[in-house]
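The tour below goes from one selection to the next and says what to look for at each stop.

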Amino acid sequence: MTQFHATTICLVKRSSDDIAIAGDGQVTMGETSIMKNNAKKVRKIYHNTVISGFAGSVSDAFSLTEKFEKKLEEHGGNLKRAAVALAEMWRSDQGARNLEALMLVADRESILLISGNGEVIEPDENYIAIGSGGNYAYAAAHALFDHTEMDAESIAREALKIASDICVYTNSHISVEKL
């Protein structure tokens with residue numbers, strides 16, 4: 001899977017009523033310059049029934065989020081069908097094929113990772129993380145999920161904070177969206 005610098009996103013689902021996605025705010029230009037500290041890379045979409053977050057090129061991710069929202073509209077809010085349709089378009093469309101981003105999306109039933117390689121992956125666990133600090137956030141979420149009673153928002157937020165202490169491409173300006 002492609003490794004992207006400039007962000008970390010963590011999504012956690014404790015129950016169908018306790019789902020949160022958190023993202024840091026850092027936008028990195030090249031390998032050495034921080035261009036922005038408080039970008040928002042997580043949001044609610046499709047009538048506030050889906051949460052999404054992205055890692056990778058910011059402009060590419062905005063474009064993909066818009067395309068995903070259109071796919072959700074076309075498929076009546078069916079998350080899995082919309083994700084597969086987006087992945088197929090992303091892989092086959094000449095212009096979209098060069099977009100460099102990963103997306104995490106969730107509704108009350110499912111968590112999905114969508115990649116530009118045409119992959120739609122439903123994780124085995126009820127948490128997932130992507131981006132340059134994704135492995136750190138994933139490890140933190142794993143420990144917190146299994147060994148605490150923290151809610152989804154607290155786990156996602158703390159996982160990002162831990163990743164920001166380790167990964168130079170992740171900061172502690174954390175945005176959270178919940179379902």
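Predicted model: local features only at pLDDT ≥ 70, side-chain atom pairs only at ≥ 80, totals over all residues.

**Stop 1: Leu72**

Leu72 has a relative accessibility of 0%, so it counts as buried, the cut-off for buried being under 20%. Its place is in helix H1, which covers residues 58–74.

Now show the surroundings of Leu72. Leaving aside residues up to four places away in sequence, Leu72 touches Ile45, Tyr46, Val50, Gly77, Asn78, Leu79 and Ala82. Then use the distance tool on the C-alpha atoms of Leu72 and Phe62. These two residues are ten apart in sequence, and their C-alpha atoms lie 15 Å apart in space.

**Stop 2: Thr65**

Stay in helix H1 and select Thr65. Is Thr65 buried or exposed? With 2% relative accessibility, Thr65 counts as buried. Residues up to four places away in sequence are again not counted: Thr65 touches Arg43, Ile45, Ser52, Phe54 and Met103.

**Stop 3: helices H1 and H2**

The axes of H1 and H2 come within 8 Å and cross at roughly 130 degrees. Why are the two helices called oblique to each other? An angle over 145 degrees would count as roughly antiparallel and one of 65 to 115 as roughly perpendicular; the angle here is roughly 130 degrees, and H1 and H2 are therefore oblique. The crossing of H1 and H2 is right-handed.

Next, show the side chains where the two helices meet. On the H1 side, select Leu64, Lys67, Phe68, Lys71 and Leu72. On the H2 side, select Leu79, Ala82, Ala83, Ala85, Leu86, Met89 and Trp90. Sorted by class, the contact of H1 with H2 has ten nonpolar residues, two charged residues and no polar ones.

**Stop 4: Lys80**

Lys80 has a relative accessible area of 39%, so it is partly exposed. Not counting residues up to four places away in sequence, Lys80 touches Ser110, Leu112 and Glu122. Which of these makes a polar contact with Lys80 through its side chain? The partner is Glu122: the side chains of Lys80 and Glu122 make a polar contact at 3.3 Å.

For a distance across the model, pick the C-alpha atoms of Lys80 and Asn38. They are separated by 30 Å, and the two residues are 42 apart along the chain.

**Stop 5: Asp24**

Move to the loop between strand E2 (18–23) and strand E3 (27–29), and select Asp24. Asp24 has a relative accessibility of 0% and therefore counts as buried.

Draw two distances from the side chain of Asp24. One goes to the side chain of Thr7, a polar contact of 2.8 Å. The other goes to the backbone nitrogen of Gln26, which the side chain of Asp24 reaches at 3.2 Å.

**Stop 6: His47 and Asn48**

Go to the loop between strand E5 (42–45) and strand E6 (50–56), and select His47. Asn48 lies in the loop between E5 and E6 as well. Are these residues buried or exposed? His47 is exposed, with a relative accessible area of 60%. Asn48 is exposed with a relative accessible area of 51%.

If your viewer lists backbone angles, look up phi. His47 is not a glycine, although it has a positive phi of about 55 degrees. Asn48 also has a positive phi, near 60 degrees, in a residue other than glycine.

**Stop 7: Ala139**

With 46% relative accessibility, Ala139 counts as partly exposed. Going back to His47 for one distance: Ala139 and His47 are 92 residues apart in sequence, and their C-alpha atoms are 32 Å apart.

**Stop 8: helices H3 and H4**

Colour H3 (residues 134–147) and H4 (residues 152–166). Their axes come within 8 Å and cross at roughly 140 degrees, and H3 and H4 are therefore oblique to each other. H3 passes H4 in a right-handed crossing.

To see this contact, select Tyr136, Ala137, Ala140, Ala141, Leu144 and Phe145 in H3, then Ile155, Glu158, Ala159, Ile162, Ala163 and Ile166 in H4. The residues of the contact of H3 with H4 divide into eleven nonpolar, one charged and no polar.

Conventions: Residues numbered from 1 in each chain as written. Heavy atoms only, no water. Buried < 20%, exposed > 50% of the residue type's maximum accessible area, 1.4 Å probe, protein only. Contact = heavy atoms within 4.5 Å. Polar contact = N/O pair within 3.5 Å; in protein donor to acceptor, adjacent residues only side chain to side chain. Axes fitted to C-alpha atoms, helices over the stretch in contact; angles between N-to-C directions. Helix = DSSP H or I, 4+ residues; strand = E, 2+ residues; numbered from the N terminus. Parallel < 35°, antiparallel > 145°, perpendicular 65-115°, else oblique. Left-handed = near helix turned anticlockwise from the far one by under 90°. Nonpolar A, V, L, I, M, F, W, Y, C, P; charged D, E, K, R; others polar.
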